[in-house]
6 protein chains.
Amino acid sequence: MPFIVVHMWEGRTLEDKRALTRALTDAMVTHAHALPDALHVVIQEYPKENWARAGVLGVDQAAEPATEQP
Amino acid sequence: MPFIVVHMWEGRTLEDKRALTRALTDAMVTHAHALPDALHVVIQEYPKENWARAGVLGVDQAAEPATEQP
Amino acid sequence: MPFIVVHMWEGRTLEDKRALTRALTDAMVTHAHALPDALHVVIQEYPKENWARAGVLGVDQAAEPATEQP
Amino acid sequence: MPFIVVHMWEGRTLEDKRALTRALTDAMVTHAHALPDALHVVIQEYPKENWARAGVLGVDQAAEPATEQP
Amino acid sequence: MPFIVVHMWEGRTLEDKRALTRALTDAMVTHAHALPDALHVVIQEYPKENWARAGVLGVDQAAEPATEQP
Amino acid sequence: MPFIVVHMWEGRTLEDKRALTRALTDAMVTHAHALPDALHVVIQEYPKENWARAGVLGVDQAAEPATEQP
């Protein structure tokens, strides 16, 4: 019955979300012994002006490396 | 002073939200002995592409029964 | 499929929790059209030293009225 | 490594968010001994129809005092 | 920079948690393009008397199948 | 009416929590124009075996620098 909340920046594609939620679900089934039917994964997306790291908003940060989309 | 977070799919009407938050508040006052004035209920709505059950996003699920709007 | 998180002070009895989660579930079924089987309610309890209102921790507040156990 | 979630009504300006997340970060560094680089602050904004106090949605409340924008 | 919160019943072993958080991290790196160093996964464990499904607390539910430890 | 959740490792003293919640409250009043009386700050503490960074649980990490207690 676990419930997983992913907090991250907005901007992933539908295909990213499809693959991500499936992989997170597989991890829960394998390692937390969860039954898939009662397992929920939700994604909370934040605009860059609503997420700060080290006190600096995403909109004010220098560009991240290409592989990172927090 | 409790704080209640409702995670659910988007799509309820304003009237649904009005009745829902009032009923949740009544339940808290009756059974958790909360004072209404310090009791907050918030609704976090998710688009169907941000909520997966059993590893399948809402946008990819077969239609739910008419009574269910997760 | 909604997921409800109740943040409140620790201290309710098992019977309180039983009645509370049932009433919250009923409210969700009636007003948010949720199917009970996919509806989860969880309670996050906080010790009084981990909850502040108006900048004052619960352990430092004057006694609350008898009807309030936030 | 702390992670701070601010739940509040929508409507703050970018400048408010910039100053707020910086001040919250400073508070964490000073009083929780956090290293800034691993410290995240996120803001979850709610429309007034998704936040109820005392069982009354924000859209149904009388205007708040000028200094309050919950 | 994502932050993942896993809500589930208490009772997993340390080894389960070690494998689970590693697998969830791998899923985030692969499918959400996250940099591991800024990726946090936390586990919130609930006693069975604090989690209800279909309005019934975990302590009041009939035993789950052996493979399920929500 | 904001509600602030601080996710961090367990281990701060009562005096740390007292100073921290007061400073976070001050930041919210100053920069988010919140009224103190309706402002709540809660601390969710995690044992080191329930928090992973870069896929490594806190219990398995090398000692952090003295100034960091995530």
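**Sheet and interfaces**

Modeller: Start with the sheet: eight strands make an open sheet with mixed pairing, in the order 4(B)-3(B)-2(A)-1(A)-1(E)-2(E)-3(F)-4(F). Its edge strands are strand 4 (56-57) of chain B and strand 4 (56-57) of chain F, each pairing on one side only. This is a predicted model, where local features need pLDDT of at least 70, side-chain atom pairs count only at pLDDT 80 or more, and totals for chains, interfaces and linings use all residues. Residues are numbered from 1 along each chain as its sequence is written, chains are lettered from A and ligands numbered from 1 in the order in which they are written, and side-chain values use heavy atoms, with hydrogens and water left out.

Biologist: What makes strand 1 of chain A and strand 1 of chain E a pair?

Modeller: Strands are DSSP runs of E, at least two residues long; helices are runs of H or I, at least four, and both are numbered from the N terminus. Two strands pair if DSSP finds at least two bridges between them. Strand 1 (residues 3-9) of chain A and strand 1 of chain E have five bridges, so they pair, in the antiparallel sense. A:Val5 stands opposite E:Val5. A:His7 faces E:Phe3.

Biologist: How do you know how chain E and chain A are related?

Modeller: Copies are superposed by least squares on C-alpha atoms of residues with pLDDT of at least 70 in both. A rotation of 180 degrees, with 0.0 Å of shift along its axis, puts chain E on chain A with an RMSD of 0.0 Å. The two copies are therefore related as by a two-fold rotation axis. The same surface serves both: 100% of the contact residues of chain E recur in chain A.

Biologist: What counts as contact here, and how many residues of chain E and chain A meet it?

Modeller: Contact means heavy atoms within 4.5 Å. By that rule, 32 residues of chain E touch 32 residues of chain A. The buried area is about 2800 Å², with 65% from carbon and sulfur atoms. That is accessible area (1.4 Å probe) lost on putting two parts together, summed over both.

Biologist: Which element of chain E gives the most to the side that touches chain A?

Modeller: First, the polar count: seven residue pairs are in polar contact across the interface of chain E and chain A, both at pLDDT 80 or more. A polar contact is a pair of N or O atoms within 3.5 Å; within protein, one must be able to donate a hydrogen and the other to accept it, and residues adjacent in sequence count only if both atoms are side-chain atoms. Strand 1 (3-9), helix 1 (14-32) and strand 3 (51-53) of chain E each supply at least two residues of the side that touches chain A. Helix 1 of chain E gives the most, with nine.

Biologist: Why is B:Asp37 with D:Arg53 called a salt bridge?

Modeller: The rule asks for a side-chain nitrogen of Lys or Arg within 4 Å of a carboxyl oxygen of Asp or Glu. The closest N and O atoms of B:Asp37 and D:Arg53 are 3.6 Å apart, so the pair qualifies. Chain B and chain D have three salt bridges between them. Across chain E and chain A the rule finds zero.

Biologist: What else links chain B and chain D?

Modeller: Strand 2 of chain B pairs with strand 3 (residues 51-53) of chain D, antiparallel, over three bridges. There, D:Arg53 is the bridge partner of B:His40.
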